[in-house]
Amino acid sequence: MAKVTMLNMAGAEVGSIDLSDAIFGIEPNQNAVHAVVKNYLANQRQGTQSAKNRGEVRGGGRKPFRQKGTGRHRQGSSTDPSQIGGGVVFAPKPRDYRYTVPKKLRRLAMKSALSSKVAEKEIIVLDTLNFEAPKTKEMIKVLGNVNAAKKALIVMAEKDENVIRSAANIPGVRTALVGTMNVYEIINYTSFIVTKEAINKIEEVYS
């Protein structure tokens, strides 16, 4: 099992924690990570783009100008895509970009992302993270104490409004729960800050 130093909110070492090799110590599968990230980004697309084809624009019917003698190319309709105000060739229409990937692939990608954070020493484990009231200044102080990068993902076991609101206004910092974190966010943020309680829950969910 991989051993990771555990810190408190002041940045001092308060022990170490053993991480499951089955979740935090596998050889990262880049193909799985790529497939799941691609799926996540596709599922975020709204798919509301729309343009009119030649059958939907106004006009047409009458031949816009005579066939010969104008010096222009022959044209039968003002709705033709080559005309100003005409339709769009292969006009984009609203569509749903969502698709699913196998559950086993999603689990493999998650384990690969978590393992890569451990291998690259980008994981920061805190014994606890709580505030008596929402304080952005206090969160900034904690992030500085643990030497977090400018882009940091804070993962909690349970929802804590004080922590969420304390981090909400800090650029580059995002909070997530064990049940809502995703592969894209894990690899997109440099520092992966996780509480001891969240580690236990991750191992429980992905074991």
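Visitor: Over how many bridges do strand β4 (residues 152-156) and β5 pair?

Guide: First, the ground rules: this is a predicted model, where local features need pLDDT of at least 70, side-chain atom pairs count only at pLDDT 80 or more, and totals for chains, interfaces and linings use all residues. Strands are DSSP runs of E with at least two residues, helices are runs of H or I with at least four, and both are numbered from the N terminus; two strands pair if DSSP finds at least two bridges between them. For β4 and β5 the sense is parallel, and the number of bridges is five.

Visitor: Which residue in β5 stands opposite leucine 153?

Guide: Residues are numbered from 1 along each chain as its sequence is written, and side-chain values use heavy atoms, with hydrogens and water left out. Look across from leucine 153 into β5 and you will find arginine 174.

Visitor: Which strands are the edge strands of the open sheet?

Guide: The sheet has six strands with mixed pairing, in the order β2-β1-β3-β6-β4-β5. An edge strand pairs on one side only, and that picks out β2 (13-19) and β5 (173-177).

Visitor: In β2, what is the bridge partner of lysine 3?

Guide: Strand β1 (residues 2-7) pairs with β2 in the antiparallel sense, over six bridges. Their hairpin has five residues between the strands, and glycine 11 there takes a positive phi near 90°. In β2, lysine 3 is bridged to aspartate 18.

Visitor: How far apart are the closest N and O atoms of lysine 117 and glutamate 122?

Guide: A salt bridge here is a side-chain nitrogen of Lys or Arg within 4 Å of a carboxyl oxygen of Asp or Glu, and seven are counted. Lysine 117 is buried (under 20% relative accessible area, with a 1.4 Å probe and protein chains only; exposed is over 50%, partly exposed in between) because its value is 4%. Glutamate 122, at 21%, is partly exposed. The closest N and O atoms of this salt bridge are apart by 2.9 Å.

Visitor: How many residues apart in sequence are the parts tied together by lysine 201 and glutamate 158?

Guide: These two form a salt bridge, with their closest N and O atoms 3.2 Å apart. Lysine 201 lies in helix α7 (residues 196-206) and glutamate 158 in the loop between β4 and α5 (161-167), so the parts they tie together are apart in sequence by 43 residues.

Visitor: Is lysine 159 buried or exposed?

Guide: Lysine 159 forms a salt bridge with glutamate 161, the closest N and O atoms being 3.4 Å apart. Because the relative accessible area of lysine 159 is 57%, this residue counts as exposed.
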